[in-house]
Amino acid sequence: LDGTDYLVEPGTNLLEFIRSRDTFVPAICYNESMGPIQTCDTCTVEIDGKIERACGTTIDRPMTVNTTTDQVQASQKEALDRILEKHMLYCT
Ligand code: FES
């Protein structure tokens, strides 16, 4: 995760693990009690070079995860912009 190696229990949710490392990744539609809903895309991170949702990823193999690359930040911003664009219709 962001250049640091960790041993993680297989089956751990990636977003939960990232949060446990005090690393911030936005996650608007994720709720611990409900699990991954996977509708907002604000939690995207880079997993083995591909942009994917952290909330919908289970750690079940060795993986390289980056949360701070330009591509990750652009993806998160795009997702938030999509939400705000629609939100503007209903909220002044
Ligand atoms: S938190 Fe919304 S898709 Fe992951």
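Cys55 is buried, because its relative accessibility is 2%; buried means under 20% relative accessible area, exposed over 50%, and partly exposed in between, with a 1.4 Å probe and protein chains only. Cys40 also counts as buried, at 9%. The whole structure holds zero disulfides, a disulfide being a pair of cysteine sulfur atoms within 2.5 Å.

This is a predicted model: local features need pLDDT of at least 70, side-chain atom pairs count only at pLDDT 80 or more, and totals for chains, interfaces and linings use all residues. Residues are numbered from 1 along each chain as its sequence is written, and side-chain values use heavy atoms, without hydrogens and water.

Turn now to the core. The largest nonpolar core has 16 residues. Such a core is a set of buried Ala, Val, Leu, Ile, Met, Phe, Trp, Tyr and Cys residues joined through side-chain atoms within 4.5 Å. Leu14, Leu15, Ile18, Val45, Ala54 and Val65 have the most contacts inside it. Two elements, α1 (14–20) and β2 (44–47), each give two or more residues to this core. The most come from α1, with four. Helices (H or I, at least four residues) and strands (E, at least two) are DSSP runs, numbered from the N terminus.

Beyond its neighbours within four places in sequence, Ile18 is in contact (heavy atoms within 4.5 Å) with Leu1, Thr23, Val25, Val45, Ala54, Val65 and Thr67.

Strand β2 also contains Glu46.
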